[in-house]
Each structure stands twice: as structure tokens, then as C-alpha cells.
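Here are a few notes to go with the model, written as numbered points.

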Amino acid sequence: MIKNRANSVRTKDEDGYTRRAGCVCFRTDQEKEVLLISSSRHPGRWVVPSGGVEPGEEPKEAAVREVVEEAGVRGKLGRFLGEFQNDVNQSRTAVYVLIVTEELERWQEGRFCPKIWSWFSVDEAKIKLTEKPYLLFYEAWLQSNTSGSSSVNMINVSYITDVLYGGVDFSLPGNGGWECVEFLTSKQRVIETVVYETFTLFVFWKMLGRVSIPRELPAYREGTGVGKRLLLVLLCLIFGIEIGFKFATKQVIFLLNPCHVVTAIQIYLLAGPPSKRVLCVFRVQNYLLFGALQAIIFPVVNTRLVSQKMPWFPSNLSSQMSLYNTLQGPFTLEPVWDFTWATLTFTLFSFYMLLFLQPLGMILHVNLNNMMCPALSDPFSGPYYRIIACCHQPALMFLIGKVFCIIGHEFVTLLYRTQQEKLE
């Protein structure tokens with residue numbers, strides 16, 4: 001967290017960005033230990049001392065002043081590391097190296113916000129600084145300082161991580177950060193993951209040889225190509241807007257959430273040539289549609305408005321009805337009382353959530369699909385919300401998936417009956 005103090009005057013550059021300055025403070029010239037600061041309000045969130053440049057002040061002067069005020073140390077100002085631009089907060093921070101020569105005995109940055117500071121090894125500092133994505137600038141420099149990487153590589157790494165999740169606001173409840181990471185103990189996470197995934201692996205192994213796949217694909221029903229292509233264009237447009245929004249707000253990481261993955265799968269189904277592989281993907285995604293409905297019933301409105309989420313369920317439903325409308329070829333549903341595909345989907349969904357999204361979220365501190373901590377709208381919020389989800393998520397998957405299965409069969413029966421009546 002790079003903080004702009006409320007009692008300071010913010011100066012801006014010619015582009016309207018707030019001018020800031022800070023230092024990466026080292027204990028000695030060998031640059032083996034790094035000074036990081038925290039606060040009593042947010043203990044455990046370690047940052048580099050920095051702050052705003054005051055009117056008439058040079059960045060290097062501001063950097064030295066901020067180190068005294070924020071960290072309570074003085075030292076010898078060293079080389080200029082570069083200027084870090086944060087488009088989310090509309091700020092540019094000039095960063096210098098400072099070798100600490102004096103640690104003040106007593107100091108307090110503000111009446112209500114005393115600072116805490118501590119020395120860390122370079123390796124420890126690299127881990128601590130990953131709490132806020134835009135502090136990866138400093139982490140990338142520390143890495144390049146120890147590994148000999150070029151400044152060009154540092155900038156590229158910083159840019160990629162910034163676009164990937166630099167715009168994620170960890171101050172919003174349920175978005176991520178240390179509080180979200182520590183919502184459950186490591187022991188509980190490991191036990192839940194091992195027990196549940198052992199069970200799902202066993203079920204997956206049992207289901208692989210039992211799913212029903214037709215030997216040959218039926219022919220397409222004639223006269224459905226135009227509507228299918230039109231819906232494909234519409235779905236690509238909606239998904240393209242969402243992708244653009246994620247890039248513009250630097251939250252690309254959230255495209256990994258299941259709702260977006262299902263949309264990408266439906267685009268593949270609408271665009272892909274007929275094959276048994278398409279048939280298998282079609283039957284699996286039929287049981288993933290519960291997520292879009294669930295997002296509408298229990299919307300997470302603290303990060304995005306419900307109106308922004310509304311297009312997803314109708315678009316997913318429209319795509320599904322279009323696939324039903326072209327039923328035959330690869331878009332054939334299994335019998336209603338065949339639960340093998342539903343069970344297989346349940347295991348694949350479990351693997352994706354616990355073995356992919358969970359470790360990725362823990363590493364980046366981003367709450368991907370609420371694997372680290374519950375959403376504000378979760379009616380089962382609490383220390384056992386994931387255990388409860390292991391029950392209600394499969395139940396919704398089977399229930400809503402079978403509803404779509406029944407609708408699909410009835411839709412096709414009605415469609416072909418009407419077509420047959422016209423021929424007669």
C-alpha cells in the first residue's frame with residue numbers, strides 16, 4: 001500500500017499524475033538487508049517508504065524526507081532506480097536507493113497511525129512486497145539485483161504482472177489480500193483439499209470408462225446456420241467487451257473465473273467443426289451453467305454492479321438454446337437418467353477450483369472464485385464455507401444441469417414434431 005496522506009498537498013505533473021518519491025532502504029552497501037514498513041492498522045502488510053512530493057520540492061528531497069517520516073531512519077541517498085507509474089491511482093513514483101546510516105530512537109508518523117518497521121533479507125522482502133501488485137516494481141528490482149537480470153527484463157515482468165492483476169483493489173472485502181489469505185488456516189486448507197481431491201480423483205477414475213459417447217454423430221438439422229453464426233458474433237462481442245474491461249482495469253486474472261471460462265467454451269462450441277471432442281465438451285459445459293444463475297441470485301456487488309453481471313446469464317442461456325436448436329451432430333444430450341456426464345463434470349470442476357485456482361490465488365493473493373475467502377453475498381460465510389460449498393455446488397450442478405437436459409430434449413422433440421407436421 002503506497003499511501004497519500006490526507007494532510008499533505010498533492011502535486012501533479014503535466015499529465016495530471018500525482019508526483020511521489022520513495023526509497024528502497026538497505027542496511028549496508030552490500031544491499032543484503034532491506035527495510036520495510038507496516039502500520040498498526042494493517043500489520044503484516046509490508047511496503048517501501050514513500051509519499052507525495054510537496055510543492056517546490058525535488059523528488060530526491062521528498063524521498064529522503066519520506067524515509068525519515070515513514071521509517072524513522074536517515075541515510076546516504078544512492079542511485080536512481082527509475083520512475084514507477086501506477087495508472088490505477090494516477091501516480092508516478094521516483095524510486096532511489098538509500099543506505100541507512102542512522103536509526104532514530106523515537107518517532108511517530110501520525111497520531112493515529114504509528115509505523116512499524118523491520119529489516120528483511122532480500123529473499124524475504126521479495127515475498128513480503130507481493131502483497132500489493134504495484135509493489136512488484138520493487139520486488140522485480142530486488143530480484144534483478146541478486147540475479148543480474150537486465151533492467152529491460154525487470155520492466156517487462158513488472159508490466160506483465162501489473163496488467164495481470166495490478167488493478168485488483170485489495171481494500172475491497174473479498175477481493176484478496178492478506179486478510180483473505182488468512183481467512184482459513186493453512187492446516188484447514190490442506191486437509192480440505194487433500195480429503196476432497198482424493199475423493200474426486202477416485203470418482204474421476206471410475207467415471208472415465210462409463211461416460212456414453214455415440215459411435216457416430218447424427219447429421220445436422222438443416223436451416224440453422226444463420227442463427228448460430230449470429231449468436232456467435234453476439235457472444236464474441238459481449239465477451240470481447242468483458243476482456244477489454246479486464247485489460248483496461250488491469251484485472252485480467254479474473255478471466256480465469258468459471259463464468260468466463262464457460263463463455264469461452266460456448267464460443268468454441270459455436271465455432272468448432274463437428275467432432276466427438278465437441279460433443280464431450282458440449283455435455284460437460286451443460287453442467288457448468290449453474291454458475292451464471294448462481295451469480296445472479298447471489299451477486300457480488302461490492303466490486304461490480306449487478307447490472308454489469310446481468311448479460312452473462314442471458315448470453316449463456318441464449319447460446320445454450322442455440323445449441324439445442326441445432327441439436328444433432330455433436331450437440332446431442334445424454335438420456336435424462338444418465339448421470340455419468342454430470343458426475344464427470346463435478347470432478348473436473350473440483351480439480352479446476354482446488355488444484356488450479358486455489359494455489360494461483362494463494363500465490364498472487366487474488367481471491368479467484370472465492371477460493372481463499374467467501375464472497376460478501378455468500379449465505380454460508382464462515383470458517384466452513386468451503387466444506388458447505390462442496391455439498392451445495394455439486395447439488396446445483398446436477399439439478400440445474402438436468403433441468404437444461406430436460407429442456408433440451410423437450411425443445412428438440414417439439415422442434416422436430418413441428419417440422420414433421422409441416423412436411424405432412
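1. Let me start with residues 254-272: over this stretch the chain is 74% helix and 0% strand, and the end C-alpha atoms lie 25 Å apart. Helices here (H or I, at least four residues) and strands (E, at least two) are DSSP runs, numbered from the N terminus.

2. A word on the source. This is a predicted model, in which local features need pLDDT of at least 70 and side-chain atom pairs count only at pLDDT 80 or more, while totals for chains, interfaces and linings use all residues. Residues are numbered from 1 along each chain as its sequence is written, and side-chain values use heavy atoms, leaving out hydrogens and water.

3. The UniProt record, an unreviewed entry, places "transmembrane region" at residues 230-248, 254-272, 284-301 and 339-357; such annotations may be inferred rather than shown by experiment, and their positions are given in the numbering used here, with feature names shortened. Over residues 339-357 the chain is 95% helix and 0% strand, with 26 Å between the end C-alpha atoms.

4. Helix α8 has 14 residues and spans 20 Å from its first C-alpha to its last, close to the 20 Å expected (1.5 Å times one less than the number of residues). Its buried residues (under 20% relative accessible area, 1.4 Å probe, protein chains only) include Pro-258, His-260, Gln-266 and Leu-270.

5. Now its neighbour: the axes of α8 (residues 258-271) and α9 (residues 276-285) come within 10 Å and cross at roughly 145°. Axes are lines fitted to C-alpha atoms, for helices over the stretch in contact, and angles run from 0 to 180 degrees between N-to-C directions. Ile-265, Gln-266, Tyr-268 and Leu-269 of α8 make the contact (heavy atoms within 4.5 Å) with Arg-277, Val-278, Val-281, Phe-282 and Gln-285 of α9. By class, that contact has six nonpolar, two polar and one charged residues (nonpolar: Ala, Val, Leu, Ile, Met, Phe, Trp, Tyr, Cys and Pro; charged: Asp, Glu, Lys and Arg; polar: the others, Gly among them).

6. Please look at α6 (residues 186-207) and α13 (residues 340-364) too: they pack at about 145°, with their axes 9 Å apart. Among the residues that meet are Tyr-196, Phe-199 and Phe-204 in α6 and Phe-346, Phe-351 and Leu-354 in α13. This contact of α6 with α13 has 13 nonpolar, seven polar and two charged residues.

7. Finally, the whole chain: its secondary structure comes to 14 helices and six strands, and 47% of its 424 residues count as buried.

Methods:
Buried means under 20% relative accessible area, exposed over 50%, partly exposed in between (1.4 Å probe, protein chains only).
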